[in-house]
Amino acid sequence: MSDAHPGLILIEHPLVRHKLTQLRRRETSTAGFRRILREISLLLAYEATRHLPLAAVDIETPLEPMVAPALSGKKLCFVSILRAGNGILDGMLDLVPAARVGHIGLYRDHATLEAVEYFLKLPDDIGERVVIVVDPMLATGHSAVAAISRLKAAGASQIRFVCLLTVPEGLRAMQAAHPEVPIITAAVDRGLDENGYIRPGLGDAGDRLFGTK
Ligand code: URA
């Protein structure tokens with residue numbers, strides 16, 4: 001829980017904290033960053049899916065019939081905010097390979113500072129799915145807020161947001177716009193610098209993931 005966002009879920013598992021430290025290290029290579037981000041995302045997905053409902057089903061083990069729990073009801077859709085969100089997507093799909101996937105691309109208009117949509121592809125039945133939006137860095141919150149508003153306009157109603165790192169500024173922005181959306185993260189850092197980077201952070205997640213700088 002947090003003053004800045006009551007729906008904050010901070011994952012403090014030692015494996016998550018250790019892997020995040022590896023991601024933060026300047027010397028971690030592109031290949032290492034990609035692999036560790038995939039691993040940590042799987043652990044975040046485990047938390048993000050904790051609320052999924054179960055129903056009892058009849059099965060047979062090799063020894064006898066039994067009634068056993070299985071996932072029921074609403075199906076999942078992961079929505080990646082391009083491009084760094086794709087680094088989280090891979091780990092999530094390792095855990096839930098049958099989930100549907102949506103993508104949303106947003107850029108920042110330098111004149112208005114607003115997030116402008118340049119790409120959107122979502123499953124038709126998004127309104128019937130539990131939607132988990134992924135982006136490694138919840139910084140100013142502009143992209144996350146705009147992406148979630150767009151998903152709501154498309155009919156999504158059960159939305160959760162998963163990131164690796166956030167800051168009080170991002171949490172406040174989400175709280176103001178989407179207070180009912182839980183945020184799952186591995187750390188809340190000190191704050192933003194004048195360029196909108198999370199400090200101490202891990203740098204530009206997209207560049208580190210794709211080796212573009
Ligand atoms: N996006 C990033 O990739 N890094 C930051 O620190 C902030 C936003």
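Start with the shell around the ligand: by class, five nonpolar, two polar and one charged residues (Ala, Val, Leu, Ile, Met, Phe, Trp, Tyr, Cys and Pro count as nonpolar, Asp, Glu, Lys and Arg as charged, and the others, Gly among them, as polar). To see them, select Met-137, Ala-139, Gly-196, Tyr-197, Ile-198, Gly-203, Asp-204 and Ala-205; being near means having a heavy atom within 4 Å. This is a predicted model, where local features need pLDDT of at least 70 and side-chain atom pairs count only at pLDDT 80 or more, while totals for chains, interfaces and linings use all residues. Residues are numbered from 1 along each chain as its sequence is written, and side-chain values use heavy atoms, leaving out hydrogens and water.

For Gly-203, the backbone N or O atom lies 2.8 Å from a ligand nitrogen. The protein covers 82% of the 240 Å² of accessible area that the ligand has on its own (Shrake-Rupley, 1.4 Å probe).

Now hop over to the aromatics: there is one pair (ring centres within 6.5 Å; planes under 30 degrees apart are stacked, over 60 edge-to-face, the rest tilted). Select Tyr-107 and Tyr-118: their ring centres are 6.4 Å apart and their planes at 35°, so the pair is tilted. Tyr-107 belongs to strand β5 (residues 100-108) and Tyr-118 to strand β6 (residues 115-121), 11 residues apart; strands are DSSP runs of E, at least two residues, numbered from the N terminus.

Methods:
Polar contact = N/O pair within 3.5 Å; in protein donor to acceptor, adjacent residues only side chain to side chain. Phe/Tyr/Trp six-rings, centres within 6.5 Å; stacked < 30°, edge-to-face > 60°. Helix = DSSP H or I, 4+ residues; strand = E, 2+ residues; numbered from the N terminus.
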